[in-house]
Amino acid sequence: MASLKELCIFSRNVTIFLSKSRTQVSVFFTLFFFTLTLLIFIIFFSSPSAVTTKILASRLHSHSFSSIHEFDFVPVSDTHTTSSTVPAPTNFPTKSWNFDVTIQEEDKSCDIFDGEWIQDNDLHPLYKPGSCPFIDNSFNCFKNGRRDTEYLRLKWKPHGCEIPRFDGLKMLKMLKGKRLVFVGDSLNRNMWESLVCALRNSLIDKNRVNEVSGHRQFRSQGFYSFKFKDFKCSIDFIKSPFLVQEWRFSDKAGARRETLRLDTIHGSLTKYHDADIIIFNTGHWWTHQKTQKVNNYFQEGNHVYNRLEVADAYTKALKTWANWVDTTINSTRTRVFFRGYSASHFKGGQWNSGGNCDGETKPIINETQLGPYPWMMRVLESVISEMKTPVVYLNITKMTDYRKEGHPSIFREAKSKRRPGMFQDCSHWCLPGVPDSWNQLLYATLLQSQQKFSHPK
């Protein structure tokens, strides 16, 4: 039998051992939890680019989302391409700050703007050709005699995921009591008419939608609005092709002159800053002859530039827009979108010099035949990356560049009005047509990542 002294020694050694073990275990678990916390912090908050941080802020900022799956916002490689009528300035960086909306589907994600057009003979347009009375005549290709229909059988398919089919009633319920406003040039008008017609087609009683703004005279007025009575929501369009203010004044000789105020936001925008959703665009008017002259046209304050390159003027204008959004828009109430550049497909000249796309019935299939990514979109992406307000970027540039057969061309006019050498429209799109797919992607974005439009109390 062990002596009392030996038992005491054994007891003391056991106590020392247990004490050391507890200390080691405590240190181990402390280090383990510290490492785990640090790893989670790095994964969640680290961002490969400033642009990703700004777009991710849109998701983190929004609250009470109505979603099937959550949207992520991630950077993608610079692969989007399109046609542009304005050459890129030589001093502008060639690398793009690209970012796109991606859809999270189970354990994978995909960029919904990176995909291809596939033939689907079972596909039906969101509204029948010739059925919507709200389509501008110049977009109403069916009414003007276009009878080929293959361009209506193409479906946009993102690589790696499916997007939900447009559901007009569900979208109207999401927009109940709200105001959605398109602001920009006639390409945004194209998209606006498409959405109004798609939503109208979902109604049993088509008379439950009416035009608030009165008779449509697109070339002489600047504001148009349709109200869906049963849902108390309106879908509006504000004409603002540059987003900044066109200006007219008399010079010292009394002659009337016209300039573009790069430092002044377009006047009508200040009336609709509190809309629930605003979708901006600008681009095509920066390729017109007026802006290409670059002499004595661009103005800041009282100074009219003798000469200012279009790229520099465009950048200044977008920064004016961005500053207005950051200082005027209440981002807890209003969701801001910006739709990217829509490709044109003129052959043999521009719109006013014999350019044409008549006879095109097939889209571009080979991606290598697409044009270079427009420098204007790189400017836009750079400006958005510096904004405080979250902006969702609808980058439809690549998907439109494939669709050289989707323009009105000679069907911008009824057959009785066509004349040899008439201007062809290879910029806008037939309706139904390509803009319906833009609205399907808008719907998918709202469905899966948009907040439940509940205003702060």
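The structure is a predicted model, in which local features need pLDDT of at least 70, side-chain atom pairs count only at pLDDT 80 or more, and totals for chains, interfaces and linings use all residues. Residues are numbered from 1 along each chain as its sequence is written, and side-chain values use heavy atoms, leaving out hydrogens and water.

Strands β11 (residues 256-265) and β13 (residues 298-300) run parallel and are joined by 2 bridges. Strands here are DSSP runs of E with at least two residues, helices are runs of H or I with at least four, and both are numbered from the N terminus. Two strands pair if DSSP finds at least two bridges between them.

Now step back to the sheet. It is open, with 4 strands in the order β10-β11-β13-β14 and mixed pairing. Because β10 (244-250) and β14 (303-304) stand at the edges with a single partner strand each, one side of each is left without a neighbour in the sheet.

How far can you trust the model? The protein's average pLDDT is 79, and 71% of the residues score at least 70; pLDDT is the predictor's confidence in each residue, from 0 to 100. Helix α4 (residues 186-201) has the highest confidence, at 98, while strand β1 (residues 71-75) has the lowest, at a mean of 30. Over residues 14-23, pLDDT stays under 50, and the model has 0 contacts beyond four places in sequence for them. A contact means heavy atoms within 4.5 Å. Where pLDDT is low, the predicted coordinates should not be read in detail.
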